[in-house]
Amino acid sequence: MGECGPEYSSLPGGGDSVASLPSALRPTPKLSIIPLVFLIFYEVSGGPFGIEDSVGAAGPLLAIAGFLVLPLIWSVPEALITAELGTMFPENGGYVVWVASALGPYWGFQQGWMKWLSGVIDNALYPVLFLDYLKSAVPALAGGLPRTAAVLGLTAVLTLLNYRGLTVVGWVAICLGVFSVLPFLVMGLVSLPKLRPARWLVVDLHNVDWNLYLNTLFWNLNYWDSISTLSGEVDNPGKTLPKALFYAVIFVVVGYLYPLLAGTGAVPLDRDQWSDGYFADIAKLLGGAWLMWWVQAAAALSNMGMFVAEMSSDSYQLLGMAERGMIPAVFAWRSRHGTPLVGIAFSASGVLLLSSMSFQEIVAAENFLYCFGMLLEFIAFVLLRARRPDAPRPYRVPLGTAGCVAMLVPPTALIVVVLALSTLKVALVSLGAVAVGLVLEPGLRFVEKKGWLKFEVNSDLPDINVTRTAVATDEPPLVAP
């Protein structure tokens, strides 16, 4: 598990010379800012599909307030951490490398295990959402053999897109994103004559499903750090990644609030109707069948975008872990398109195994695991600030160490609340998954010692456990996108 090697050379201002990076860090192909924004959009959101449960659980006022306040409490701090650490360590291990650098390789592996499992669980949602939006038009997709066949076929097609490379994935994300957002723009315009602002203020604090409400908000506003596992594939990551995160935060928040305001303000409230897929019904009420079909098609394509973006993140994370010697070297194999062949196949298999779970079960389980991973990230972020204050950071959160700790207090409190509200079943299953990781890492080290599987550390990668000497640069530090 030796993690020694050369420094991240030629990165004085955050990777301004991508061509001079070692081969393991050179993007093939390079992701520019526009595809990167849309990949982040799909890692986090993909549009308002799935936010309907927030209204059903808590009513319009709390749903709207949640998508206004939670981005400030959660999304912005997570995006800032991702911008700083993702440019500090521009390689495909992403958050695994951050935690390994701060806490050691054992905890780096635990971070990788929890985040990969959480990502695969998240990806299992998208076939569920896809079929939920189509079942009103095609009732046969509600269950049985047709639904199973649809899940298998969809997974196979989207896995093939990932295999073909990040260039394909990036431009597919752009096309799907534009198509998925347009019907909600139209729906908002159509809703204007029917808007009743008083409907936005409806709230009943005695009738709130806090568990469903918080899980829905949390699921729709997290995973900003997932893009870090593609840092090694980004063109000029020191500047491109922070800017892309900045634009994506705005894109995501507006993409939630705009249709939420239109739907709750223009249609009389029936909270029992507000569940995943209800935006299609609202579109029919406001604009007719043609708008409903457009929203359903947008939902289907949006889920495709979320699937390919999440699978890219999951598979490149495994590649990054293999290049650090944390998992067998076979996971570092690349296809002729430059994609992580074994990582893609492994992630697709996990999706198929989990796709039979319900929407609410999937959201609760992935949130639980994700919370543990985020706690490790927060600890790593603070420790790296304290222990390696002079290490080059192409992007630096414009706060001191004490300010960074203060910034993390609200999201940490949110994590505690989300964990506390989890059901006993979800908690036991998730803790069991965590326990597997605790014994899996020493098990892999035993396998490595016996020589049963090959483990390799890429010699081009730098030592993540030593302080790097800052290279002089005439450019001022980047503190804002």
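Trainee: Is E233 buried or exposed?
Mentor: This is a predicted model, where local features need pLDDT of at least 70, side-chain atom pairs count only at pLDDT 80 or more, and totals for chains, interfaces and linings use all residues. Residues are numbered from 1 along each chain as its sequence is written, and side-chain values use heavy atoms, with hydrogens and water left out. Buried means under 20% relative accessible area, exposed over 50%, and partly exposed in between, with a 1.4 Å probe and protein chains only. E233 has a relative accessible area of 0%, so it is buried.

Trainee: With which residue does E233 form a salt bridge?
Mentor: A salt bridge here is a side-chain nitrogen of Lys or Arg within 4 Å of a carboxyl oxygen of Asp or Glu. The closest N and O atoms of this pair are 3.2 Å apart, and the partner of E233 is R334.

Trainee: How many residues apart in sequence are the parts tied by R334 and E233?
Mentor: Helices are DSSP runs of H or I, at least four residues long, numbered from the N terminus. R334 sits in the loop between helix 12 and helix 13, and E233 in the loop between helix 9 and helix 10. R334 has 32% relative accessibility, so it counts as partly exposed. The pair therefore ties together parts whose separation in sequence is 101 residues.

Trainee: How many salt bridges are there by this rule?
Mentor: Side chains of opposite charge can pair when their charged atoms come close. E91 and R324 make another, with their closest N and O atoms 2.6 Å apart. By the rule, the count of salt bridges is nine.

Trainee: Which residues are linked with E84 in a network of salt bridges?
Mentor: E84 lies in helix 3 (residues 60–88) and R393 in the loop between helix 14 (359–387) and helix 15 (401–420), so the pair ties together parts 309 residues apart in sequence. Both E84 and R393 are buried. The network links E84 with R385 and R393.

Trainee: What is the relative accessibility of K115?
Mentor: K115 is in helix 5, where 16 of the 19 residues are buried. K115 itself counts as buried, because its relative accessibility is 2%.

Trainee: How far apart are the end C-alpha atoms of helix 5?
Mentor: The expected span of a helix is 1.5 Å times one less than its number of residues. Helix 5 covers residues 105–123, so it should span 27 Å. The modelled ends agree with this, at 26 Å.

Trainee: Which residue with a positive phi follows helix 4?
Mentor: Helix 4 covers residues 95–103, and eight of its nine residues are buried, so it is largely enclosed by the rest of the structure. Among the buried ones are Y95, W98 and S101. Phi is near 105 degrees in the residue that follows, G104.

Trainee: Which helix gives the most to the nonpolar patch?
Mentor: Patch residues have over 30% relative accessible area and no salt bridge; like charges are joined within 9 Å, and nonpolar side chains (Val, Leu, Ile, Met, Phe, Trp, Tyr) within 5 Å. The nonpolar patch covers about 910 Å², and its members include V178, L182, F246 and Y258; areas come from the Shrake-Rupley method. F246 is partly exposed, with a relative accessible area of 40%. Five residues of the patch come from the top contributor, helix 10.

Trainee: Which helix gives the largest share of the lining of the largest cavity?
Mentor: On a 1 Å grid over the protein atoms alone, a cavity is a set of points where a 1.4 Å probe fits but cannot get out, and lining residues have an atom within 4 Å of a point. A volume is the space filled by probe spheres set on the points, which are joined across faces, edges and corners. There are two cavities of 30 Å³ or more, and the largest holds about 60 Å³. Y42, W219 and Y223 are among its lining residues, and three come from helix 1.

Trainee: What is phi of Y223?
Mentor: Y223 lies in the loop between helix 9 and helix 10. At 2% relative accessibility, Y223 counts as buried. Y223 is not a glycine, yet its phi is positive, about 75 degrees.

Technical notes: Helices (H or I, at least four residues) and strands (E, at least two) are DSSP runs, numbered from the N terminus. Accessible areas come from the Shrake-Rupley method with a 1.4 Å probe; for residues, only the protein chains shown count as cover. On a 1 Å grid over the protein atoms alone, a cavity is a set of points where a 1.4 Å probe fits but cannot get out, and a pocket is an open set with protein on both sides within 12 Å along at least five of seven lines; lining residues have an atom within 4 Å of a point.
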